[in-house]
Amino acid sequence: MKIDGKAWRTIWLEEGAQQGGDAIGVIDQTLLPHRFTTRTLTSCDQAAEAIRTMVVRGAPLIGVTGAYGLMLALQADPSDVALAVAFEQLNATRPTAVNLRWALERVRDRVAPLPPAERAAAAKAEAAAIAEEDVAMCEAIGEHGLRLFQELAAARPAERRDQPFNVLTHCNAGWIATVDWGTALAPIYKAHRAGLAIHVWVDETRPRNQGASLTAWELAREGVPHTVIVDNAGGHLMQHGQVDAVIVGTDRTTRRGDVCNKIGTYLKALAAHDNGVPFYVALPASTIDWTIDDGVAEIPIEARSAAEVTHIQGRAADGAITSVQLIPDGSSGFNPAFDVTPARLVTALITERGVAAASEAGLRGVYGTDPGSTAGCAIAQLC
Ligand code: MRU
């Protein structure tokens with residue numbers, strides 16, 4: 001996507017940027033929306049730290065960063081031991097988004113059988129392939145979601161068809177959560193470019209405010225009409241007919257279609273269900289965990305620092321980016337970063353292969369019975 005007229009991706013290879021190897025460039029998301037800066041990652045340690053501290057974030061982007069992190073590790077030391085240590089280091093950074101494990105396993109499985117001297121080059125090729133596939137999958141999600149939005153907009157009662165199509169989203173599942181396009185925001189960008197009058201309600205998404213800081217920033221850059229709301233406003237808007245559809249991303253989707261996403265997503269799904277508002281989840285194949293069924297019982301939920309709850313970051317009047325305390329001295333905070341929305345509350349999953357029911361049958365219907373091969377098929381299938 002473009003920033004001030006220049007096309008960007010969230011992550012890129014800086015070939016030959018250091019003695020004996022490459023580096024990775026990323027957009028630093030911790031300073032957005034107030035400051036746009038990039039960082040160069042030159043080691044596996046730095047890649048792991050960037051994921052852990054959310055310089056990069058969003059399930060697909062975490063996966064691609066992990067893949068390039070393994071490449072950096074192997075450029076420094078291609079031994080079996082170094083590969084195993086780097087894999088564990090990167091995999092431990094953020095436990096909920098399954099794309100990370102998926103991408104790391106894909107690179108490891110590709111390079112492990114090779115002689116050490118060939119591993120770094122193979123890791124580089126595999127990481128680049130994962131990045132390109134992510135772009136293709138997200139764009140395909142956008143196309144499928146666009147058609148769905150057009151149908152929903154046209155099916156509205158006649159008296160509402162001259163209103164913008166109102167979509168509510170939670171957290172940031174836009175292009176900066178992926179390599180490009182995004183998952184939940186890809187259909188919104190496609191719809192806006194196709195001329196559908198669309199307006200987005202952006203949940204601020206406490207505690208880290210990925211909605212207010214990142215989704216709003218992205219939508220503003222693309223000129224998509226949007227309004228930031230507090231997380232508690234969605235139910236009220238749905239009760240008053242101001243939301244035509246909810247669309248969110250996901251960090252892990254189980255075989256039966258349970259969806260784990262940013263904390264607060266479940267409450268939006270409950271409100272949508274109660275008000276008859278369709279609730280969609282956009283996801284690439286890399287976000288599906290085919291090994292588990294019950295998301296509530298089986299998905300590890302990342303507990304982040306309570307400081308993200310007790311404090312908030314913003315821009316002061318003098319332009320400085322600063323953090324202020326919100327709660328009384330002596331009170332404590334608790335910060336589960338994700339929750340699980342059961343499949344029964346999900347109207348449909350929008351995948352790169354099409355729109356599927358949130359069930360094992362629905363997912364098998366688009367991915368077939370050999371899910372192990374799905375990621376590699378994404379481009380051939382759709383692009
Ligand atoms: O903690 P974050 O900011 O990495 O969480 C991101 C989300 O929850 C996104 O909605 C999810 O990763 C889907 S991104 C395409």
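This is a predicted model: local features need pLDDT of at least 70, side-chain atom pairs count only at pLDDT 80 or more; totals for chains, interfaces and linings use all residues.
Local features were taken only where pLDDT is at least 70 and side-chain atom pairs only at pLDDT 80 or more, while totals for chains, interfaces and linings use all residues. Residues are numbered from 1 along each chain as its sequence is written, and side-chain values use heavy atoms, with hydrogens and water left out.

The largest pocket has a volume of about 420 Å³, a volume being the space filled by probe spheres set on grid points that are joined across faces, edges and corners. Its lining consists of 21 residues, of which T30, P207, R208, S213 and Q313 are the closest to the centre. Domain 1 (2–131) and domain 2 (142–381) both contribute to this lining, so the largest pocket lies between them; the domain bounds come from an automatic or database assignment. At least two lining residues each are supplied by α7 (210–222), α11 (307–310) and β14 (311–315), and β14 gives the most, with 4 residues. Helices (H or I, at least four residues) and strands (E, at least two) are DSSP runs numbered from the N terminus. By class, the lining of the largest pocket has 7 nonpolar, 10 polar and 4 charged residues, where Ala, Val, Leu, Ile, Met, Phe, Trp, Tyr, Cys and Pro count as nonpolar, Asp, Glu, Lys and Arg as charged, and the others, Gly among them, as polar.

The count of cavities of 30 Å³ or more comes to 3, and the largest cavity holds about 190 Å³ of space. Of the 24 residues that line the largest cavity, R57, G58, A59, N172 and D251 lie nearest its centre, and α2 (59–76) and β11 (259–262) each supply at least two. Because both domain 1 (2–131) and domain 2 (142–381) give residues to its lining, the largest cavity lies between them.

Around the ligand there are 19 residues (a heavy atom within 4 Å), and R57, R94, Q210, D251 and K262 come nearest. Among the polar contacts (pairs of N or O atoms within 3.5 Å), a polar side-chain atom of R94 lies 2.7 Å from a ligand oxygen atom, and a polar backbone atom of G58 is 2.9 Å from an oxygen atom of the ligand.

Terms used: On a 1 Å grid over the protein atoms alone, a cavity is a set of points where a 1.4 Å probe fits but cannot get out, and a pocket is an open set with protein on both sides within 12 Å along at least five of seven lines; lining residues have an atom within 4 Å of a point. A polar contact is a pair of N or O atoms within 3.5 Å; within protein, one must be able to donate a hydrogen and the other to accept it, and residues adjacent in sequence count only if both atoms are side-chain atoms.
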